[in-house]
Structures are given as C-alpha cells and as structure tokens.
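Visitor: Could you walk me through this one before I set anything up? I'd like to go from the overall picture down to single residues.

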Amino acid sequence: MSLSQGKNTFQSRSRAAIEDPKLRANFLSAMDGLMSKRDQAFEDKAQLERLRILGAQVRQNALVKLPELLVELETKLTQKGVQVHWAQSPEEAVDIIKAISLNVGAKNIIKGKSMVSEEIHLNEKMAEIGVRCLESDLGEYIIQLAKETPSHIVMPAIHKNTAEIADLLHEKTGIERKEDAIYMTEQARLQLRKNFMAADIGLSGVNFAVAETGTLCLVENEGNGRLSTTVPKTHIAIMGIEKVVEKLEDVTPLLSLLTRSATGQAITTYFNMISGPRKENELDGPESVHLVLLDHGRTQMYQDDELLETLRCIRCAACMNHCPVYTRVGGHAYGFTYPGPIGKILMPHLEGLDETQALPTASSLCGACAEVCPVKIPIPDLLVRLREESNNENRQTSRVKGAGVKRHGIEPIIWSMWRWWHQGEKRYNFMTSMMAQFRFLQPKTLSPWTHYRSLPKLAKKTFHQQMKERQVRINRQAENLKATSKGEKL
Amino acid sequence: MTARSAILEKLTQAAKIRAGEGNKIPNRPDFCVMERDVMDLTSLCNQFETVISKVNGEVIRTSEENLVICIQQLLQDKQVKCLLLPSAHEFQETLAKSVEEILLYDREIEQWKDQLFNNIDASITSTLGGIAETGSLVLWPSLEEPRLMSLVPPIHIAILHKKDIQPTFWHFMKRHNWSQGMPTNALLISGPSKTADIEQTLAYGVHGPKELIVLLVE
Ligand code: SF4
C-alpha cells in the first residue's frame with residue numbers, strides 16, 4: 001500500500017474523505033470522545049506536566065544509551081532462553097519470521113495487535129508461503145475481514161460505525177445482523193476461541209522492553225494478547241529497536257502516560273510482562289520465544305539530534321486524536337501504516353521523503369499534537385525540519401532518505417532571487433516601490449492559494465513609504481503644537 | 001556484515017559523535033513525581049475498591065475465617081458447575097460440595113486444551129498483591145497457578161490480602177525488588193477483559209474472563 005505513491009494521491013484521497021459525510025461523522029465523534037476521556041484522565045494538570053517531563057526524560061535517557069541497552073536486552077533475554085533476531089529492513093524481518101514458521105512447520109499464526117507487523121506487511125507476506133495470519137484484536141479482526149488496513153494506531157476500526165460492522169460480520173461470518181456491539185463482541189469471542197487453540201505460533205508487538213531485567217511488556221484490554229503469547233507453542237514478538245528502556249521502574253511513568261493519553265484509562269485491563277519461555281515443570285506458556293528487533297529507518301533518525309526525538313514516541317495516538325487534519329481526513333487518506341502527526345514525522349524515515357513528500361505538508365502546524373504528546377515530541381518543529389529537508393539542496397549530505405525531492409523547476413531560483421532582494425536596503429526599497437506602482441499588473445488569481453482564500457492585494461504605497469509619511473505628519477503636528485503653546489504663553 | 005553488527009555500528013557511531021560533541025550521558029531521571037502522600041491501608045483498600053469497581057471488577061470483603069464460606073456462597077450465586085483450582089489447593093475438599101466438578105490444573109496445557117477452553121465456569125487464584133491507584137491485581141503465575149488460570153475461564157476469582165496493597169505500581173515493584181529478578185510471566189489485571197473497538201461501545205468479556213471477583217481478605 002505504501003509503495004509507488006503517485007504525486008497527488010494524498011490530495012485526492014483526502015478530498016474524497018472530506019466529501020464522505022459518514023466517514024467524517026465517524027471520525028469526528030470518535031475523536032471528540034477520545035479527547036474528553038484523555039482530559040478527564042489527567043485531572044491534575046500540574047501533575048500531568050511533571051509526569052510528561054519524566055516520560056520524556058526516561059525515553060531520552062534510553063535513546064542516548066540505545067546501543068548498550070539493546071545489547072543488554074539481548075544478553076538478558078538470551079540467558080532466559082529467548083532467541084533474539086535483528087532485522088535492518090522489513091524484508092529481513094519477514095524472512096526471519098518465515099524461517100521460524102518453516103522450522104516449526106506452522107500453518108496458522110494468531111496475532112495480537114502489532115503496528116510493526118503492519119509496517120512490514122506481514123500478513124500478505126506470510127500468505128505467500130501458505131501461512132495464514134489471523135488478527136485476534138477485535139478491531140484488527142474487523143478490518144482484516146474487510147480487507148482494509150488500520151485507520152488508527154490504537155483503534156484500528158475506528159472509521160467504521162456499528163451498522164457498518166454489523167453488515168460486515170453478517171456477510172463474512174454468517175452471524176445474525178444486529179447493531180449491537182455487545183452481541184457482536186460475544187460472537188467474535190466464540191469465533192476466535194478455536195483459533196487460539198489451533199494456532200501454531202502467536203505473534204505480538206511489544207510496548208516496552210526492559211534491558212535491566214530482559215522483560216517484554218504488553219499493554220492490552222481484551223486478553224487476546226495474553227492468549228496469543230501463552231497458548232501457541234511458539235511466541236514471536238516484534239518491535240522497533242527504539243522500544244527499549246533502561247530500568248524496570250522506567251515503565252511505570254510510561255505506562256501511566258500511555259493508557260491515559262490513548263483512551264483515558266487509568267490502566268488497561270492487562271499489563272503483561274514476559275521474561276522467557278515456559279520453564280521445565282511449568283504447565284503452560286510458549287516453549288520457544290523469539291524477539292525480532294527491527295531497524296527500518298530508525299538508525300537514520302538516530303544520527304541526528306533533532307530527528308532523534310521522533311524515537312521517543314510510545315504510540316499512544318493522542319496526537320492523531322487531537323489533530324484537526326486527521327479528524328477531517330481520517331487515517332486512510334495518509335496512505336501509510338502510521339497516520340496522523342506521528343505518521344507524518346515517522347513515515348518519511350521509513351519510506352523516504354521521495355515516497356512521502358505530501359506528509360510533512362499535511363499540517364496546519366497548529367501545535368495541538370505537541371501540546372498533548374506524553375513524551376513531549378516537538379512534532380511541528382519536526383514537520384518544519386522535514387519540509388526543509390524536502391527542499392534541501394545538499395541531497396548527498398542530508399541524513400534523510402529522499403531529501404531534496406521537492407527542489408526542482410524554477411522555485412529555487414525564485415527563492416534565491418527573493419533572498420537577494422531582501423539582502424540590500426536599496427534594492428529592497430526599489431523593488432517594493434515598483435511593485436506598488438505597477439500593482440494594476442498583479443494577477444487576479446494566485447492558484448492554488450486563491451482556491452480557498454481571498455486574494456491579498458498589493459498596497460498603493462509600500463510600508464516604508466507609509467511610515468515615512470506618518471513620521472512627517474507627526475513632526476508637523478508636534479511643530480504646530482509647539483507654536484500654539486508658545487502663543488498661549490505670550 | 002550481519003544485521004546485528006550493522007545496526008549496532010550505526011548506533012554506536014552516532015552515539016560516539018554525540019559524546020564527542022560534549023553531550024554527557026545524562027543522570028538517571030528523578031522519579032519524585034511517582035511519590036504519593038502516605039496513606040493507611042484502609043484508605044488504600046478503599047481506593048482499590050473504588051477504582052476496580054469502575055471497570056466492572058467486583059470486590060467482596062471478607063476475613064480469613066469466613067473466606068471459605070464466602071467462596072461457597074459465591075460459587076452458588078454464580079451457579080458455577082465446574083471449578084478450576086490450582087493443583088493441591090487447600091480448599092479442594094471443602095469446595096467439592098459446592099460444585100458439580102472440580103478440576104485441578106495439574107497437567108500440561110497441550111493435554112487438555114479443549115476441556116480448559118470449553119468446560120470450565122470459574123477459577124480461583126491467589127495474588128501477589130494489589131495496586132490502589134489503578135485498581136490492579138498483581139499475579140505471578142507459577143507451577144501451581146499457571147498463566148491461563150486467570151485468563152481462560154469466564155469467571156476469575158482472585159484472593160487478595162489487604163496487607164499486600166501498595167499505592168502505585170512503582171511502589172509495588174520497589175517494595176518487592178522486582179529489578180533483581182522477574183518470573184517468566186508477571187501480570188497486572190485490572191478488571192474483566194473488555195473492548196471498545198466497535199464504535200467505542202464498551203463491551204466486557206472479549207477473550208479473557210467476563211467477570212472478575214476479588215475476595216479482599218481484611
Ligand atoms: S508522537 Fe506523542 S502523542 Fe503521538 S503517538 Fe507518539 S507519543 Fe503519542
């Protein structure tokens with residue numbers, strides 16, 4: 001889906017989304033709900049601010065020490081019998097998972113929610129070798145039935161309303177068509193139970209990985225994550241290399257920030273901490289556990305102090321819930337695995353700016369995302385940075401893949417002239433007074449600016465001229481005043 | 001070059017440059033924001049009950065002497081026919097009268113998956129403690145109480161002792177010195193399983209238990 005993006009596809013997709021009233025209504029009500037839940041979950045705003053500072057510090061601390069922490073995590077996990085694999089690209093990650101599947105003769109994989117598995121398009125890739133991946137998170141299950149991709153990183157099926165889901169489940173699974181979320185949830189439970197029992201491999205993501213203790217932490221409400229990581233004989237966890245934290249205590253502020261920012265819950269139903277496969281004598285749990293560590297553009301961000309901040313993200317989705325653009329166009333319009341503000345600063349590194357050039361511009365820079373981000377990622381600053389990178393003239397030296405993609409045609413020439421005009425007082429004044437004088441030559445439209453905005457008109461007189469005249473007027477008035485006051489005295 | 005060394009080399013290079021630019025490794029962050037005003041056990045208990053009740057967790061207060069009677073009553077109220085107990089459970093004999101069948105988790109899961117998933121109405125587990133601020137139970141599944149006991153049966157009954165309640169997760173892990181060693185699996189459970197994936201309508205009992213009953217022993 002993310003490959004071969006045409007140039008204007010974000011524009012055309014977002015236009016289509018805006019003209020779809022049902023989609024807009026679904027997103028609007030969902031985002032309103034999520035925003036107010038988050039707000040209520042953080043009653044004490046001073047406390048929230050202190051917690052955000054700690055959250056940001058904990059993540060930054062882990063990033064500064066990232067190479068050592070990854071090695072420590074690997075050592076600790078290996079000691080406990082977990083097999084750790086490293087992948088630079090999605091292809092490598094897929095190959096690792098394929099090899100494990102072939103090795104254990106797997107036919108069925110049951111999946112807990114994992115955005116990284118979406119990032120590497122795992123389901124389609126495994127189908128190539130005849131292994132079926134079944135999503136077990138209810139939202140993911142729904143969109144898998146609909147053959148769609150997630151439109152939100154926490155609530156994947158948020159673009160659908162109850163009626164649409166009732167139609168879908170009725171059509172695809174043969175259950176009665178009832179617009180009743182509780183009935184449908186119960187039916188999905190029954191449908192998925194046998195799949196948990198039959199699956200050969202359980203696959204999950206990771207929310208935090210603790211280097212100190214070698215622990216993989218999973219956050220969830222449904223219990224499908226626990227089933228996926230406990231019932232099948234093999235468990236594969238997959239995570240981006242940035243997900244590691246140094247100490248066990250580091251997860252406490254992050255967990256508290258994550259669940260409240262995401263859905264307004266004090267905590268999710270389950271917080272699952274896995275530190276190894278089934279030990280001898282234990283009666284359940286997977287016999288083998290694998291961890292796949294994925295790079296996919298993350299080391300690129302790591303090279304640059306500013307871009308590094310992107311890696312603090314804990315995938316809470318608060319930025320998209322509060323984004324006026326996301327709320328209006330929805331998650332699919334972006335066309336990439338991660339939508340919304342976080343997607344706009346992340347996807348260019350994963351897929352290259354050339355593939356994703358519309359993303360950094362799909363923002364009004366209103367700053368709502370940075371205001372709510374629990375780990376204080378300055379998203380608008382990063383968007384501006386990526387816009388600059390898109391026009392970077394030093395393609396070779398830039399650290400961003402696809403930099404300079406927008407630098408072509410006469411635009412750079414116009415801007416360098418613009419700069420030249422502004423660098424000398426005389427030429428500046430000359431140019432502006434010429435423009436004021438010949439203002440009747442100004443074009444009537446300035447597309448695409450004037451499609452939605454009124455045309456700004458050049459003034460009769462330049463700002464400098466007006467200021468000069470004003471000064472003259474003031475001086476004259478002052479003189480008059482002096483003259484009259486002198487007269488009074490006499 | 002393997003993927004591992006390629007990734008680590010890129011990271012180490014960048015980290016070196018950073019260190020070279022005079023960026024010192026920062027001190028460990030200060031966790032004072034996680035501190036809480038001291039609360040007595042009774043207030044912690046009350047807080048625990050309030051919070052877990054909000055997410056449909058049921059709390060029944062009882063005492064050590066009345067615990068068995070309380071469980072018997074509960075099994076009757078919930079019409080439990082088949083009960084799952086840890087192997088060699090102290091109440092095994094007393095509870096046998098209250099239900100039609102008692103199963104013990106004493107075999108490897110592979111040998112009786114079907115039965116576990118399909119026949120059992122309720123299970124009873126112990127807990128390591130509770131967390132007041134988030135209304136969470138802390139469980140360390142073990143040889144006697146394997147992981148699936150608290151997950152597969154539709155009703156999960158958990159026994160929590162008042163003295164084991166801590167203000168926050170952070171306090172809990174400090175108190176129990178978790179950084180020195182973790183079991184293969186540790187869990188926080190806060191209410192019965194739930195989802196809001198269908199248009200944000202809350203539905204309890206998705207893949208895990210539909211009911212969570214905490215017997216709070218005071
Ligand atoms: S960027 Fe911040 S707000 Fe957005 S998902 Fe990541 S942590 Fe949450």
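Visitor: What kind of model is it?

Guide: The model is predicted, and what I tell you below is computed from it.

Visitor: Let's switch to helices. At what angle do α3 and α4 of chain A cross?

Guide: The axes of helix α3 (residues 45-64) and helix α4 (residues 66-79) of chain A cross at roughly 85° and come within 5 Å. The angle falls between 65 and 115 degrees, so α3(A) counts as roughly perpendicular to α4(A).

Visitor: Which residues make that contact?

Guide: From α3(A) there are A:Ala62, A:Leu63 and A:Val64, and from α4(A) there are A:Leu66, A:Pro67 and A:Leu69. By class, this contact has 6 nonpolar residues, with no polar and no charged ones.

Visitor: Now the ligand: which residues are around it?

Guide: The residues around the ligand include A:Cys313, A:Cys316, A:Cys319 and A:Cys373, along with A:Ile314, A:Arg315, A:Pro374 and A:Val375. The shell divides into 11 nonpolar residues, no polar ones and 1 charged.

Visitor: Is A:Cys316 buried or exposed?

Guide: A:Cys316 has a relative accessibility of 6%, which is under 20%, and therefore counts as buried. In chain B, B:Cys82 also counts as buried, because its relative accessibility is 5%.

Visitor: With those cysteines in mind, how many disulfides are there over all chains?

Guide: A search of the whole structure finds 0 disulfides.

Visitor: One more: where does A:Asp250 lie?

Guide: A:Asp250 lies in a loop of chain A, between β8 (244-245) and α12 (251-263). It is buried, because its relative accessible area is 0%.

Visitor: What is A:Asp250 in contact with, leaving aside its neighbours within four places in sequence?

Guide: With those neighbours left aside, A:Asp250 is in contact with A:Val58, A:Asn61 and A:Val245 in chain A, and with B:Arg28 and B:Phe31 in chain B.

Definitions and conventions: Residues are numbered from 1 along each chain as its sequence is written. Chains are lettered from A and ligands numbered from 1 in the order in which they are written. This is a predicted model: local features need pLDDT of at least 70, side-chain atom pairs count only at pLDDT 80 or more; totals for chains, interfaces and linings use all residues. Side-chain values use heavy atoms; hydrogens and water are left out. A residue is near a molecule or strand if one of its heavy atoms lies within 4 Å of it. Ala, Val, Leu, Ile, Met, Phe, Trp, Tyr, Cys and Pro count as nonpolar, Asp, Glu, Lys and Arg as charged, and the others, Gly among them, as polar. Axes are lines fitted to C-alpha atoms, for helices over the stretch in contact, and angles run from 0 to 180 degrees between N-to-C directions. Helices (H or I, at least four residues) and strands (E, at least two) are DSSP runs, numbered from the N terminus. Angles under 35 degrees count as roughly parallel, over 145 as roughly antiparallel, 65 to 115 as roughly perpendicular and the rest as oblique. Contact means heavy atoms within 4.5 Å. A disulfide is a pair of cysteine sulfur atoms within 2.5 Å. Buried means under 20% relative accessible area, exposed over 50%, partly exposed in between (1.4 Å probe, protein chains only).
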